[in-house]
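Here's a quick tour of how a protein chain packs its pieces together. Have the picture open while you read, and look up each residue as it comes along.

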Amino acid sequence: TVPSGESRLWLRVESAGTLTVPLTLWQPAAFLRHGQALYALLAAYFGLVGGLALFYLLLGLALRDGDFLVYALYALSLALGLAAQNGFGSEFLWPGQPWLSNLLLPVGMQAATGLGAWFVLRFLGLHRQPGLHRFALRALVFACFGLGIPALLLGLPGAWPFVSVTALLFALIGLSAGIIAVRRGVPAARPFLLAFFMLLLGALLTGLRNLGLVPTNAFTANALQIGSALELLLLAVALAARFVALRRAHAEGQAQLLALQQRALAEAEAAEAALEARVAERTAELAAANERLREREAQLKAMAQRDALTGVANRLALRPALEALLADWRRGGPGFAVLLLDLDGFKPVNDRHGHAVGDRVLVEIAARLSGAVRSGDVVARHGGDEFVLVLAGTVEPAELEARVQEIARRVEAPILLEGEVAVVRASIGIAQPAHSADTVDALLRRADLAMYAAKAGGSGRWSHAPALAG
């Protein structure tokens, strides 16, 4: 208990690392409120740094851009050093390990200085330009990773002041490099300079505080956190501005390339025609040819999903339709039935009258099947004289039986061929999804087995595939 009136207190503090002793006496309740508010702000700060570092890391990996990766490592190094400095790491990340805080504080700051210098080199494009700034920043990177961090790990005397000196040098070199980049019109240099100035101001105050040149107070003790938080937010603007500038330059380059290609095409056409007056005519012909090519491409895309003979869907279109219905069924959607039809009696007709007449029979059967289905159903030619029908929403046995009977009746209706009447029937195999492990191949295979079972019983019959145990 401090007696009333003015008192003089003597404190003796011993530490094996860097330690700042605040000259403030607190009431317990006030100190608790202050600590809670401080840790809440620190938690928000480290959440911001960690989130942005993760964002830049993932963005760098996705875009294969080294600038984002270097900055993500820089932000993580800075966060580790600050967590060791302000006690957040000792409180929450590595409690009971004071030696780790004593190590991570200078190592994290030294790594942040080296990675920051590397980031400035890449972001401003200095690594591709000879000059004093490139030499100085590269020397700073080497000093941090080749000298500073090994000296810190070995516990050499003078290593911690070296951290402060390199941080101050980084502040001066980076600031001058940013100013020159703004004058040269480097993309995104202005927002970068503002963001970097905020960080460097915090780093400068922190370095001067560590060297005892400025007093320790709430602002100087947290100057690096404040500056780095503002820098991270402003740098997002700088990165976005640079990304937009690069996209604009890419678009301009593409436009120039396209213009060169068009000019070369026009010159080639003029040289081939040997008549300057026909350039406009050739251009019109080329435009018409391009339009015909687009129309043909659209036709080919449509034809790729259709059977060339019958006009119904082919195997290429059948599979995605079945996969979509099966996925919807797994999510609780309506059921469906897969019918595999094989035409009985088609081969004799084809052998007797020839392939042209056989093709007419297939076209007629396809038309009858298309007329027997509803909206949402699928009719596809599976190959040869086999067809697949997908009856969407048909799961009730009575309804399914009636629809299959109607399809069989339509198929076996007489077909007039060159003065003769031909009758073909369909052996039909029926399969329905039974469990979540069912696949398109499994459904078609079960329908195929059911079709052969129906064919074994005689012409024009149908058979249901049994449900497999899932």
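**Helices side by side**

H5 passes H6 in a left-handed crossing. Keep in mind that this is a predicted model.

**H5 and H6**

- H5 and H6 pack at an angle of about 160°, and their axes are 10 Å apart.
- That angle is over 145 degrees, so H5 runs roughly antiparallel to H6.
- On the H5 side, the residues making the contact include His 133, Leu 140, Cys 144 and Leu 152.
- H6 brings residues including Trp 160, Phe 162, Thr 166 and Ile 180.
- Sort the residues of this contact by type and you get 17 nonpolar, 4 polar and no charged.

**H4 and H5**

- H5 also packs against H4, at an angle of about 160° with the axes 9 Å apart.
- H4 and H5 are therefore roughly antiparallel to each other.
- The crossing of H4 past H5 is left-handed.
- Among the H4 residues that meet H5 are Pro 106, Gln 110, Trp 118 and Val 120.
- From H5, the partners include Arg 134, Arg 138, Phe 145 and Leu 153.
- What does this contact consist of? It divides into 17 nonpolar, 4 polar and 2 charged residues.

**H1 and H2**

- Helix H1 covers residues 28–63 and helix H2 covers residues 66–85; they pack at an angle of about 160°, with axes 7 Å apart.
- That makes H1 roughly antiparallel to H2.
- H1 goes past H2 in a left-handed crossing.
- Residues of H1 such as Tyr 45, Phe 46, Val 49 and Tyr 56 are among those that meet H2, where the partners include Phe 68, Tyr 71, Leu 78 and Leu 82.
- By type, the contact of H1 with H2 has 19 nonpolar residues, 1 polar and no charged.

**The nonpolar cores**

- Which residues touch the most other members of the largest nonpolar core? Out of its 61 residues, they are Phe 46, Leu 78, Val 120, Leu 124 and Phe 192.
- At least two residues of this core come from each of H1, H2, H4, H5, H6, H7 and H9.
- Leaving out residues up to four places away in sequence, Phe 46 touches Ala 79, Leu 82, Ala 83, Asn 86 and Phe 88.
- Apart from this core lies another one, of 31 residues, with Val 361, Leu 362, Val 373 and Leu 391 among them.

- Is His 382 buried or exposed? With a relative accessible area of 16%, His 382 is buried.
- His 382 sits in strand S2, residues 378–383.
- Not counting residues up to four places away in sequence, His 382 touches Arg 315, Leu 318, Leu 340, Phe 387, Val 388 and Leu 444.
- Gly 458 is in the loop between helix H15 and strand S7, and its 24% relative accessibility makes it partly exposed.
- The C-alpha atom of Gly 458 is 85 Å from that of Phe 196, and the two residues are 262 residues apart along the chain.
- Asn 290 has its place in helix H10, residues 279–304.
- At 32% relative accessibility, Asn 290 counts as partly exposed too.
- Between Asn 290 and Ile 407 the C-alpha distance is 44 Å, with 117 residues separating them in sequence.

Note on methods: Residues numbered from 1 in each chain as written. Predicted model: local features only at pLDDT ≥ 70, side-chain atom pairs only at ≥ 80, totals over all residues. Heavy atoms only, no water. Axes fitted to C-alpha atoms, helices over the stretch in contact; angles between N-to-C directions. Helix = DSSP H or I, 4+ residues; strand = E, 2+ residues; numbered from the N terminus. Parallel < 35°, antiparallel > 145°, perpendicular 65-115°, else oblique. Left-handed = near helix turned anticlockwise from the far one by under 90°. Contact = heavy atoms within 4.5 Å. Nonpolar A, V, L, I, M, F, W, Y, C, P; charged D, E, K, R; others polar. Buried < 20%, exposed > 50% of the residue type's maximum accessible area, 1.4 Å probe, protein only. Core = buried A, V, L, I, M, F, W, Y, C linked by side-chain atoms within 4.5 Å.
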